[in-house]
Amino acid sequence: MKAGRRRSAAHHFLDGLVEAGIEHLFSNLGTDHVSLIEAMAQFKREGRPQPKVVLCPHENVAIHMAAGYAAVTGRGQGVMVHVDAGTANAAMGMHNLFRSRLPVMLMAGKSPFTLRGELPGSRDNYVHFVQDPFDIGSLVRPYVKWEYSLPSGVVAKEVLRRGHTVMHSDPPGPVYLTLPRETLAEDWDDAQVASFPAERFGPVKLGGLSAAAAQEVASALLRAKKPIVVTSYLGRKPEAVAALEALAMECGIRVHEFMPTAMSVSRESPCFGGFDPSRGLAGADLCLLLDVDVPWLPKFTRPDPGTRFLHIDVDPLKQDFPMWGFATDLRVQADCGAALRDVLAAVRAQADASFRERVQARTATWARERDERQTALAAAAAQPGTTNAISPAFVCAAVNRAIAAEDIVVNEAIRNSPAVLTQIRRTVPGTLIGCSGGGLGYSGGMALGARLARPAHRVVQVVGDGGFHFSTPTSVYSVAQRHQLPILTVVLDNGGWQAVKEAVLRVYPDGEARQANEFHAQIGTEVRRFDQVAQAFGAHGEYVSEPEQLEAALRRCVEAVDAGRAAVLHVKVASL
């Protein structure tokens with residue numbers, strides 16, 4: 001082996017990030033990153049390519065920016081945080097990305113392991129003693145596919161390639177890598193640090209169905225009298241949306257989305273059946289479960305005993321759910337887009353005139369139901385509400401009129417999600433982003449990440465007031481200003497966490513809490529001006545308490561975003 005130039009492990013690590021395809025490092029750095037910061041400065045001076053550092057004042061924004069970027073592009077990025085403290089701040093986001101099956105590489109430095117200057121990078125600060133837990137990985141272990149600690153700079157590129165491969169392999173998800181300070185400060189000869197190209201070490205992706213499985217699904221569709229689909233996240237891949245619509249039109253299938261985190265079928269499609277699968281399940285003899293974690297709530301929805309269920313999913317086992325509980329007659333792990341194209345080919349090879357007549361008769365009945373649904377939605381949108389109790393449907397209908405079909409909506413409205421889903425009508429794949437996890441405060445960071453990935457399109461964050469509190473908003477609008485990422489935030493302020501109140505009433509409908517009207521979830525009596533939070537960081541802000549103020553305020557917000565400034569529209573909406 002011919003000797004080359006000796007460089008720090010941090011230098012080789014940055015090279016490895018570039019080779020792995022990491023474009024951005026959403027970061028909040030600390031004393032553990034000194035060698036990386038030094039190497040970044042050297043790379044800049046030498047004109048060497050390196051990931052762009054997006055400095056985030058809070059890790060919640062950093063991790064969710066990576067989520068938004070991955071949701072739009074499918075490409076996982078790096079998040080760099082400070083030892084156990086930064087890992088802890090990012091942990092909720094790791095939960096959200098894990099449940100949403102979004103790739104990210106969370107990287108945390110580790111406190112130095114040498115105490116007396118034995119090695120470069122040895123402890124030289126009080127915090128190095130208190131930020132050295134016994135098991136730093138335990139902070140995020142339930143939410144990762146892979147975790148590792150970099151043992152030596154000589155394997156820096158191999159470790160990065162392995163983590164990158166695991167996070168992008170189906171089903172995708174987060175990985176966690178820790179970086180000891182002394183390890184990053186090591187020197188290694190260029191010739192000793194090998195590269196590991198994606199062509200030979202890259203991710204494993206799912207394909208379509210076997211011929212036998214495609215035939216089984218096709219035969220079931222050819223026989224079905226009332227077939228339906230229930231999905232949640234099939235639309236994370238635009239090509240899968242086209243495949244689903246083609247199959248649905250060919251076979252006369254109504255498509256229902258439940259708790260969607262992506263648009264899986266256009267709201268204008270004749271096949272779209274709404275967001276309540278219980279309506280579709282009534283009388284259905286065949287149900288395709290496609291990329292869905294929870295297809296309905298068993299406590300409230302009981303399918304017909306004769307319904308046959310066929311499940312095609314990136315993760316049909318739900319391997320990370322301790323309990324699942326949905327019976328299926330066929331369960332196949334596959335890429336839904338490829339699988340549905342296989343099924344469509346099998347259907348077309350066997351369909352006869354009788355089948356096509358049945359499909360035509362079935363689809364002819366859809367128009368009336370669609371018209372009734374549209375009439376009900378229009379009626380809801382036309383009711384403005386009153387002072388300090390504006391209708392969420394009225395607000396969301398106004399947003400729908402103000403934005404383009406290609407603009408992206410990030411939904412964290414929680415209790416008011418039905419208004420977002422039904423009134424802000426998405427028709428283009430990739431224009432709806434939600435979160436499968438249970439950690440609130442994700443939508444601000446995700447909106448920033450989506451805007452970074454799609455700078456030519458508006459990104460609209462719709463969030464409740466409770467979620468806005470959780471989102472570390474000062475960090476959100478600091479990043480929006482510093483990195484020129486103008487997002488539009490619509491805060492539906494219903495005075496607290498109404499979902500908590502609803503949950504209590506479901507379990508104790510006539511209980512003491514109802515009698516006292518005390519649910520420990522109301523925070524709307526104090527003065528709160530979310531618009532002013534954004535204004536403190538250079539954003540445009542509007543506060544709306546009267547229905548007639550909405551249109552003009554929304555127009556000014558959109559104009560601000562189009563001019564390059566983030567904007568917050570704080571709207572007082574009706575509560576329970």
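Select Gln423 to begin: at 7% relative accessibility this residue counts as buried, because the cut-off for buried is under 20% relative accessible area. The model is predicted.

Keep Gln423 selected and colour by secondary structure. Gln423 sits in helix 16, which covers residues 417-423.

Which atom of Leu377 lies 3.0 Å from a polar side-chain atom of Gln423? The backbone oxygen of Leu377 does.

Now extend the selection to the surroundings of Gln423. Leaving aside residues up to four places away in sequence, Gln423 touches Leu377, Ala380, Ala381, Ala393, Cys396, Ala397 and Asn400.

Zoom out and select the whole chain. A cartoon view shows 23 helices and 21 strands. The radius of gyration is 25 Å, close to the 25 Å that the globule rule gives for 576 residues, so the chain is as compact as a globular protein of that length. Along the principal axes, the C-alpha atoms fill a box of roughly 80 × 60 × 50 Å.

Colour by relative accessibility next: 57% of the 576 residues count as buried. Switch to a surface: its accessible area is about 23,800 Å², and carbon and sulfur atoms hold 54% of that.

Last, select the charged side chains. There are 60 positive and 60 negative ones, and the centres of the two sets lie 3 Å apart.

Terms used: Residues numbered from 1 in each chain as written. Predicted model: local features only at pLDDT ≥ 70, side-chain atom pairs only at ≥ 80, totals over all residues. Heavy atoms only, no water. Helix = DSSP H or I, 4+ residues; strand = E, 2+ residues; numbered from the N terminus. Rg over C-alpha atoms; globule rule 2.2 N^0.38 Å. Buried < 20%, exposed > 50% of the residue type's maximum accessible area, 1.4 Å probe, protein only. Areas by Shrake-Rupley, 256 points an atom, 1.4 Å probe, with all protein chains shown as cover. Lys, Arg positive; Asp, Glu negative; His and termini not counted. Charge placed at Lys NZ, Arg CZ, Asp CG, Glu CD. Polar contact = N/O pair within 3.5 Å; in protein donor to acceptor, adjacent residues only side chain to side chain. Contact = heavy atoms within 4.5 Å.
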